[in-house]
Amino acid sequence: MKIVAADVIVSSPDRNFVTLKITTDDGVTGLGDGTLNGRELSVASYLRDHVVPLLIGRDPHRIEDTWQFLYRSAYWRRGPVTMAAIAAVDVALWDIKAKAAGMPLYQLLGGASRNGIMAYGHASGRDLPELFDSIRHHLELGFRSIRVQTSVPGINAVYGVAAQPSTGGTRYDYEPAQRTPLPAEEDWDTRSYMRHLPGVFEAVRNEFGPELPLLHDGHHRMTPIQAAKLGKALEPYDLFWLEDCTPAENQEALRLVRQHTTTPLAIGEVFNTVWDYQTLIREQLIDYVRSAVTHTGGITAMRKLLDFAAQYQIKSGIHGPTDISPVGMAAALHLDLAIHNFGIQEYMQHGPLTNEVFRQSFTFTDGYLHPGEQPGIGVEIDEATAAKFPYVPAYLPFNRLKDGTVHDW
Ligand code: GCO
Ligand code: MG
């Protein structure tokens, strides 16, 4: 079997996606996701201009060799653009291999280790009544684990909070990459946030009880000591995890957080190789690995990363917002089903136009996801429909503090 074509498809139904479609001389095709929110064209060019020419003529079954060739032959290593491009190739090759074997990808990864994949949804509210409605709405949708984000008094626009009532309106289901020529500026004040949040979780626990797994995303906003303080303040509310509590380029910063709080920690959605986690995992400074298959070099790399994490009793918490395409989501689900150290899977439902472009076979039933039994990863792209939605410049917001200093968003 030989690779005879590799096409980079940039399409923007509800948001921008970068999809790689690899075709073999047997007519078998595979899809990979190379979407990098706000920097999509960088990955499209990396693939189109520097990777696709290297793929033509290669044996698609040599997945590990192709991964190592793309990682080492570039000379320049790591980084979100490179690892998203390698991920797109890797997942497309796993898709081909599983299709050629006539089985769903998870069977090639060792078969199912569980019956279903526990998902969490994104509830949010500008105030408690709106938040409670959003939580109820997600419970009605079948979610059994829920992320809670709210507005903060005195701050105009806060990450993760739907701009409209989330009970069937424009729920916070679409990642906030605004289709604007420049990134939108949002305000922020960490102390206001830290004063406000514990009361929100006390109210949620009083309303919904002690059992419901609740998650929260700090989105890199706090210093290590602030993260330690918030983690400690949230302990009475028994969170499933506090995510991205502090920027983690300095992995050692989590030692301080860990000394002060037993609130479980999830980190890594902005990471792209196992080296970003080395101290965090070896010293058990986190409880969940947040990387997406799409941003971390694909199935080949993610499986090795999660096996490393498993030795330290750390579980998966794969990133699954709507800026991970249905292709990247499906790849995650096959890995989720097969690995032993599965934790939870983020699941933001894609928009209706996205579902027209990507035909998916995964299911969400009674709070659990399943990749389905289709050979391959179980996603096909409708290229004619994809062509109707050309790229639209879109950027994630950024933060400034009250004094104008740029802050983490
Ligand atoms: C999450 C993430 C997202 C990011 C988005 C960036 O936990 O899902 O924090 O909300 O903001 O994926 O593109
Ligand atoms: Mg996050």
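**View 1. H220, in the loop between β7 and α7.** This is a predicted model, in which local features need pLDDT of at least 70, side-chain atom pairs count only at pLDDT 80 or more, and totals for chains, interfaces and linings use all residues. Residues are numbered from 1 along each chain as its sequence is written, chains are lettered from A and ligands numbered from 1 in the order in which they are written, and side-chain values use heavy atoms, with hydrogens and water left out. Helices (H or I, at least four residues) and strands (E, at least two) are DSSP runs, numbered from the N terminus. H220 isn't a glycine, yet its phi is positive, at about 70 degrees. H220 counts as buried because its relative accessibility is 11%; buried means under 20% relative accessible area, exposed over 50%, and partly exposed in between (1.4 Å probe, protein chains only).

**View 2. The magnesium ion (ligand 2) and its protein donors.** Donors are N, O and S atoms within 2.8 Å of the metal (3.2 Å for Na, K and Ca), and water is not among the atoms, so the site may look incomplete. Read along the sequence, the donor residues follow the spacing D-x25-E-x25-E. D217 sits in strand β7 (residues 214-217) and E243 in strand β8 (residues 241-243), so this pair ties together parts that are 26 residues apart in sequence.

**View 3. The largest pocket, with H220 and E269 among the residues nearest its centre.** About 950 Å³ of space lies in this pocket. Its lining runs to 37 residues, and those nearest the centre are H220, E269, V270, L396 and W409. By type, the lining splits into 15 nonpolar, 9 polar and 13 charged residues. For the bookkeeping, Ala, Val, Leu, Ile, Met, Phe, Trp, Tyr, Cys and Pro count as nonpolar, Asp, Glu, Lys and Arg as charged, and the others, Gly among them, as polar. On a 1 Å grid over the protein atoms alone, a pocket is an open set of points with protein on both sides within 12 Å along at least five of seven lines, while a cavity is a set of points where a 1.4 Å probe fits but cannot get out; lining residues have an atom within 4 Å of a point. Grid points are joined across faces, edges and corners, and a volume is the space filled by probe spheres set on the points.

**View 4. The largest cavity, with D217 among the residues nearest its centre.** A search of the whole structure turns up 1 cavity of 30 Å³ or more. The largest cavity holds about 80 Å³ of space. It is lined by 15 residues, with Q149, V158, W188, Y193 and D217 nearest the centre. The elements giving two or more residues to that lining are β5 (146-150), α6 (190-208) and β7. Helix α6 gives the most, with 3 residues. Sorted by type, the lining has 6 nonpolar, 7 polar and 2 charged residues.

**View 5. Helix α7 (residues 224-233) and its cover.** The buried residues of α7 are Q226, A227, A228, L230 and G231. What covers them includes α6, β8 and α8 (253-260).

**View 6. Q251, in the loop between β8 and α8.** Q251 is buried, with a relative accessible area of 12%. Contact means heavy atoms within 4.5 Å. Leaving aside neighbours within four places in sequence, Q251 is in contact with W275, D276, Y277, Q278, T279, L280 and L285.

**View 7. D382, in the loop between β16 (379-381) and α13 (383-386).** D382 counts as partly exposed, at 23% relative accessibility. Its side chain reaches the backbone nitrogen of A384 at 3.2 Å. Not counting residues up to four places away in sequence, D382 touches E356, V357 and R359. Of these, E356 is 26 residues from D382 in sequence and 7.5 Å away in space, C-alpha to C-alpha.

**View 8. T24, in strand β2 (residues 17-24).** T24 is buried, with a relative accessible area of 2%. Its contacts, leaving aside neighbours within four places in sequence, are M1, K2, I3, V4, P60 and I96.

Definitions and conventions:
A polar contact is a pair of N or O atoms within 3.5 Å; within protein, one must be able to donate a hydrogen and the other to accept it, and residues adjacent in sequence count only if both atoms are side-chain atoms.
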